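Let us read a protein fold step by step. Keep the structure open as we go.

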Amino acid sequence: MKAVGYSKSLPIDDADALIDVDVAKPEPGPRDLRVAVKAISVNPVDFKVRNRAAPPAGEIKILGYDAAGVVESVGSDVTLFRPGDEVFYAGSIGRSGTNAELHLVDERIVGRKPKTLSFAQAAALPLTSITAWELLFDRLGVRPGKAHDPRTLLIIGGAGGVGSVLIQLARRLTALTVVATASRPQTQSWCRDLGADAVIDHSRAMKPQIEALKLPPVALIASLTGTEQHFPALVEILAPQGKVALIDDPATLNPMLLKPKSASLHWEAMFARSSYTTPDMIAQHDLLNEVADLIDAGVLRTTLENSFGAINAANLKRAHALLESGTSVGKIVLEGW
């Protein structure tokens, strides 16, 4: 089968940073689905793994996490799906990736594809939806519902993939006031269009901008990018007894800054459940199905912004390069072989 992989960790402008390869079809384990991949999207984790995790000499590593496709075959213990089902999912960081014509994935982290979306539109959603959902409801402990909630959620980096879903979840499913940050007119407009109550510029001092809005206290902060740079300012903005959740990789962070406010720090790593086969691993199946229902009901929308053509090394290199530039908006999707 066709696939795209790499044999060495190389800069994305190197001719061999990503290469087209032919590999053997994988055989499903007991709880695996073998999915015919129709579309994929690209996330920062793809280029982070490419840069940091070179495969053993002589081997090819296949990247990719987000996918939408059709179940081709199932393992002996599968109960949730059957061949012919249309699915979407974010895979596992510990297994071979979705940049392949056929892909194996544990059924417990797979959801049904939204009926109202194309494969490309659906492929934009799984990883960022899982991350945003877990961050908001599991890590920050927000309860869904439209009852009065006198708190503001501040989202740092609202125009990225996770931010684009998080704005929608917080705006549509909770009564929080939602403030996103973005530094360019294009990204600021994107955040407002997704439902942010207000947008501030994280390239300028944020506290005066927040104070000028005269909104409820910022009791919750989702720091999706630049946490190391912004952390002292975020602690200053955070209300006493507030919560900060982050997803990026700060080299240094001083959690003691939170102590005077009795505030708490939370990490969201969406691969934790699949990496450790946690007892609640099936929660990702359930939440993806709920996201699909919300999409089909018109409550949420796809965050696809760029379509880069067929799934091949050349197009994936373009996608990695755009993500590495830090200027992408929404999600980048590739479709077909």
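Q: How many helices and strands does the secondary structure of the protein come to?
A: This is a predicted model, so every value here is computed from predicted coordinates. The count is 10 helices and 16 strands.

Q: How do strands of a sheet pair?
A: They pair through backbone hydrogen bonds, either parallel or antiparallel. Take the sheet of 6 strands here. This open sheet has the order β11-β10-β9-β12-β13-β14, and its pairing is parallel.

Q: Which strands stand at the edges of that sheet?
A: They are β11 (198-200) and β14 (264-267). Each has a single partner strand, so one side of each lacks a neighbour in the sheet. From one strand to the next, the twist averages 20°.

Q: Over how many bridges do β10 and β11 pair?
A: Strand β10 spans residues 177-181, and its parallel pairing with β11 runs over 3 bridges.

Q: Which strands does helix α6 lie across?
A: Helix α6 (residues 206-213) lies across β9 (152-156), β10, β11 and β12 (218-223). Its direction is at about 155° to β11.

Q: What is the order of the open sheet of 3 strands?
A: The order is β2-β1-β4, and the pairing is antiparallel. Strand β1 (residues 2-6) pairs with β2 over 4 bridges. Within that pair, Val 4 stands opposite Asp 20 in β2.

Q: Where is empty space left among the atoms?
A: Rolling a probe the size of a water molecule over the atoms shows it. With a cut-off of 30 Å³ or more, the count here comes to 1 cavity. The largest cavity holds about 40 Å³ of space.

Q: Which residues line the largest cavity?
A: They are Leu 125, Ser 129, Val 165, Gln 168, Val 291, Ile 295, Leu 300, Arg 301 and Thr 303. By class, 5 are nonpolar, 3 polar and 1 charged. Helices α4 (161-173) and α9 (283-296) each supply at least two residues of this lining.

Key
Residues are numbered from 1 along each chain as its sequence is written. This is a predicted model: local features need pLDDT of at least 70, side-chain atom pairs count only at pLDDT 80 or more; totals for chains, interfaces and linings use all residues. Side-chain values use heavy atoms; hydrogens and water are left out. Two strands pair if DSSP finds at least two bridges between them. Axes are lines fitted to C-alpha atoms, for helices over the stretch in contact, and angles run from 0 to 180 degrees between N-to-C directions. Contact means heavy atoms within 4.5 Å. On a 1 Å grid over the protein atoms alone, a cavity is a set of points where a 1.4 Å probe fits but cannot get out, and a pocket is an open set with protein on both sides within 12 Å along at least five of seven lines; lining residues have an atom within 4 Å of a point. Grid points are joined across faces, edges and corners, and a volume is the space filled by probe spheres set on the points. Ala, Val, Leu, Ile, Met, Phe, Trp, Tyr, Cys and Pro count as nonpolar, Asp, Glu, Lys and Arg as charged, and the others, Gly among them, as polar.
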